[in-house]
Structure formats: structure tokens, C-alpha cells
Amino acid sequence: MPTYDFVVVGGGIVGCSVAWQILQSEPGATVMLVEKEQSFAAHQTGHNSGVIHAGIYYAPGSLKARLCKEGSAATYAFCDEHGIAYERCGKLLVATNEREMERMQALYARGLQAGLDCELVSEAELRRREPRISGQGAIFVRSTGIVNYRQVTAKMAELFTAQGGKVTLGSRVTAIAERAGHVDVRTSTGPLRARQLIVCAGTQADRMARLAGLDVDFAIVPFRGEYYRLPPALNDVTRALIYPIPDPELPFLGIHLTRMIDGSVTVGPNAVLGFAREGYPRFSVDLKDLWELATFPGLWKLLPGQWRNALHEFSNSMSRAGYLEECRKYCPELTVADLQPYPAGIRAQAVSRRGELIHDFLIKKTDRMTHVCNAPSPAATSAIPIGRHILDGLLAREAVPPPAAEAAAGAH
Ligand SMILES: Cc1cc2nc3c(=O)[nH]c(=O)nc-3n(C[C@H](O)[C@H](O)[C@H](O)COP(=O)(O)OP(=O)(O)OC[C@H]3O[C@@H](n4cnc5c(N)ncnc54)[C@H](O)[C@@H]3O)c2cc1C
């Protein structure tokens with residue numbers, strides 16, 4: 001059986017970041033990256049807004065807050081080193097009513113606490129900077145930028161293979177068995193053995209963890225993020241990215257105007273409960289996904305507190321006029337005709353059995369396995385330090401093998 005020091009499952013940005021950094025740090029190691037699709041970045045990584053987040057939203061002390069801030073700097077440095085196009089265009093979080101003005105102050109305080117370069121902008125100053133955007137005030141976050149994460153991922157994969165890493169595309173992991181000194185992995189293209197297994201499976205994270213025998217107390221709930229693209233005549237509608245002030249209870253940032261690195265402007269994404277983890281067309285239903293969702297107690301505990309939001313998102317998904325109203329709050333000139341089709345993305349959001357949205361990144365470890373269980377936004381921004389964080393854990397375990405320590409290291 002082919003045997004490797006490390007097997008990484010998942011060719012999104014997190015898996016590629018881990019695989020590349022393993023070989024950077026351990027040049028002689030044997031590493032295999034397994035991806036079920038025929039290309040890298042086929043799911044979340046290739047269907048996102050392309051924003052390099054600064055980290056203003058995240059709870060102080062959380063992994064998200066730390067790894068996003070580090071990830072923003074690391075992403076810019078990676079792009080500089082490898083000639084990948086990006087733009088540090090900054091972002092305006094625009095408050096359009098009194099309640100949002102209050103939330104804006106709390107968010108601004110959080111930004112300052114996180115040590116971010118952000119400033120409060122008055123209504124008049126907002127109009128001066130962005131004449132086509134209206135609001136009562138805003139926060140400007142200078143270090144936010146844009147990039148194409150498919151390109152970043154492709155470069156990580158290229159660096160990985162150039163250092164001797166092996167890749168098998170079109171290979172689905174179907175069984176995982178952790179033994180005393182290794183992990184046996186069954187895939188659709190044959191069996192593999194790994195000294196350490198790292199699983200970065202995005203929307204399939206809970207299934208992979210269950211397959212591996214972990215005690216899984218959460219499920220991945222797919223939230224569709226539906227976008228529109230503005231017509232090319234509106235590509236100059238804004239200079240910075242324009243975001244609403246988000247609801248602090250939700251992990252989603254609200255429909256925003258995003259300049260893409262190719263010069264176009266997208267509107268979105270919304271956050272609609274999805275019935276297929278990998279079905280991108282509207283109304284996609286996967287019966288297995290739907291059954292697991294319907295029988296997951298956490299969803300039924302989450303919904304009573306969220307039904308108003310869920311209905312609002314669903315009705316805006318069904319009606320372009322409703323969707324438009326969200327954007328017209330801060331960009332009143334937009335019309336229904338300006339909302340042109342653009343592919344949706346699907347977020348992998350972990351929800352606990354108690355019905356709580358898990359906000360922070362969640363990584364579970366056993367002696368021989370590391371499972372990335374929750375890596376929603378800003379995990380594209382944070383992918384380099386997430387990879388480093390996983391690697392540090394792996395190297396610590398590999399370097400210190402006393403039996404007592406190994407026995408104590410259960411899943412957490
Ligand atoms: C609509 C949307 C907008 C977003 N906007 C941003 C943004 O602007 N900035 C930002 O930082 N983040 C953003 N995010 C979040 C970001 O895209 C994700 O957090 C990040 O891409 C997660 O990467 P990943 O590698 O964990 O997952 P993925 O990219 O989903 O990759 C997981 C991979 O695992 C593979 N896989 C799964 N199961 C198996 C199996 N059994 N065998 C083999 N392979 C398997 C899948 O095929 C997939 O390729 C956004 C996400 C969405 C959906």
C-alpha cells in the first residue's frame with residue numbers, strides 16, 4: 001500500500017496551504033494531497049467574494065480574530081512574492097439608520113481593540129469619498145483588499161508539487177481508520193496509508209470526521225450565497241468595497257458591493273439555507289444532504305430564533321426586487337436591471353447539536369489525525385496561518401512521542 005508521512009484531504013485553499021507548508025518546513029517528507037474533484041478550489045475557495053479581510057468583525061481572543069489579522073498580512077506577502085494581482089482598496093462599512101449607527105460604534109471599538117487601521121467617517125465625508133453611496137456614517141478599514149483565491153490556491157499547489165508533493169485529483173476519500181501508528185485511508189482510486197492525516201474537506205467536514213470515528217457534536221449546514229454582477233457601465237460605482245453594518249449575532253456579513261480583481265463589481269452574497277452542499281444552481285436539492293439536515297436536531301433548535309432572518313433571506317432569494325432593496329439602502333441608483341446573473345457559492349457553516357452557530361474556526365485532533373471542522377469566512381484570508389497553526393500542532397506531536405502524552409491527546 002502506498003505510504004506517506006502526511007496525507008492531506010481537500011484541494012481547497014486550506015488543504016493546499018497545509019500541504020505546501022508541510023513541505024516548506026519538512027522538505028524531505030512524503031506528502032499526498034487527495035481531492036475528489038478534477039481541479040483545485042472547486043467549492044468554497046472558487047466561489048467566494050475574493051476579499052482579503054482585515055479582521056474587524058471577530059471576537060477578541062478568537063482564532064478567527066488572530067488568524068485573520070495574520071492571514072491578511074501573509075496573503076499580501078504571498079501575492080507580492082509570487083506576482084499574484086491584488087488591490088488594497090479598503091472597505092467602508094456603511095450605517096444607514098440609527099440602530100446601525102449604534103452597532104457601528106461597537107464595531108469600531110472592536111476594530112481599534114484589534115489594532116486595525118480604521119477610522120470613523122461622517123455622512124458628509126462618506127459622500128465626498130463615494131458620491132454614489134449614501135449612509136449616515138461609516139467605518140473605513142484601510143487594509144481590506146481583493147484577490148482571486150483560485151489563483152492563490154493554484155500557486156500553493158504549484159509550490160507543493162515543485163517541492164516533490166504528490167497530488168491525486170478525482171479521488172474521493174470513502175473510509176478512514178486510525179490505527180496505533182498510522183491511518184489507513186480508502187479512496188475511490190485506491191488505498192493509502194499515512195503517518196498523519198489532515199482533513200480539510202469544507203462542506204463535507206462533519207462526514208469526514210464521522211467517517212474517521214470522531215465524536216461529532218455538530219453538523220455542516222450549507223448556506224447558499226447568491227450573487228449578482230453589475231453591468232460593466234457600473235464598474236466604477238465605488239472605489240472601496242461597500243458593506244452594511246452586520247447583525248452581530250450572525251456569522252454573515254450582509255449583501256455587499258465588491259469590486260473583483262478582474263474589474264467587475266458583484267453584489268452579494270445573501271445567506272439562504274441550502275438543500276445541497278455542492279449544488280450551485282438555484283433550487284438544487286441533494287436528497288442525502290436534505291435528509292441529514294432535516295434529521296439534525298441542531299437545525300430545529302436554531303430555527304426558532306432565526307426564522308425571521310431565514311424567511312427574509314429566502315424571500316430576497318426568490319425576488320430580485322427584495323434583494324435590490326438591500327443594496328439600495330446604501331447605493332440608491334441601482335435598478336433591478338442592474339442585477340445580472342453570477343454564480344452562487346455555498347458556505348460550510350458548522351452548527352452544534354444544541355442549535356448554536358459555531359462562529360470560530362474549529363479544529364479537532366487525535367493522535368494521528370487533524371480535522372478542520374469549521375473554516376467559514378474569513379478562512380480564505382486566513383488560510384496561510386491556519387496551515388501554520390495545523391503544522392505547528394503536527395510537528396509538536398511528531399517531535400514528542402512519549403506514550404503518556406499520546407494517550408492523553410484525545411479529540412477536543
Ligand atoms: C459565498 C462565499 C463568500 C466568501 N467570501 C469570502 C471572502 O471574501 N474572504 C474570505 O476570506 N473568505 C470567504 N469565504 C470563505 C472561504 O471561501 C472559505 O472559508 C474557504 O474557501 C474554505 O476553504 P477550504 O479549503 O476549507 O474549503 P473548500 O474550498 O470547500 O475545499 C474543500 C475541498 O475538500 C474536497 N473534499 C471534500 N470531501 C472530500 C472527500 N471525501 N475526498 C476528497 N476530497 C474531498 C472538496 O471537493 C473541496 O475541494 C466565502 C465563502 C463563500 C461560500
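Visitor: What is the relative accessible area of Val 285, and how do I read it?

Guide: Buried means under 20% relative accessible area, exposed means over 50%, and partly exposed is in between (1.4 Å probe, protein chains only). Val 285 comes out at 48%, so it's partly exposed. Before we go on: this is a predicted model, where local features need pLDDT of at least 70 and side-chain atom pairs count only at pLDDT 80 or more, while totals for chains, interfaces and linings use all residues. Residues are numbered from 1 along each chain as its sequence is written, and side-chain values use heavy atoms, leaving out hydrogens and water.

Visitor: Where is Val 285 placed?

Guide: Look in the loop between strand E17 (272-273) and helix H7 (287-294). Helices (H or I, at least four residues) and strands (E, at least two) are DSSP runs, numbered from the N terminus.

Visitor: How many salt bridges does the structure hold?

Guide: Side chains of opposite charge can pair when their charged atoms come close. Here the cut-off is a side-chain nitrogen of Lys or Arg within 4 Å of a carboxyl oxygen of Asp or Glu. The structure holds 28 of them. Take Glu 70 and Arg 66, whose closest N and O atoms are 3.6 Å apart. Both sit in helix H2 (residues 63-82), four residues apart, about one turn of the helix. Glu 70 is partly exposed at 39%, and Arg 66 is too, at 43%.

Visitor: Which pair links helix H7 to helix H6?

Guide: Glu 292 and Arg 207 meet in a salt bridge, 3.2 Å from N to O. Glu 292 is in helix H7 and Arg 207 in helix H6 (residues 205-211), 85 residues apart, so to speak distant parts of the chain. Glu 292 is partly exposed at 23%, whereas Arg 207 counts as buried at 12%. Elsewhere, salt bridges that share partners join Asp 117, Glu 119, Glu 125, Arg 128, Arg 129 and Arg 142 into one network.

Visitor: Which residues lie nearest the centre of the second largest pocket?

Guide: Rolling a probe the size of a water molecule over the atoms shows where empty space is left. On a 1 Å grid over the protein atoms alone, tested with a 1.4 Å probe, a pocket is an open set of points with protein on both sides within 12 Å along at least five of seven lines, and lining residues have an atom within 4 Å of a point. This pocket has 38 lining residues, with Asp 247, Leu 250, Asn 309, His 312 and Glu 313 nearest its centre.
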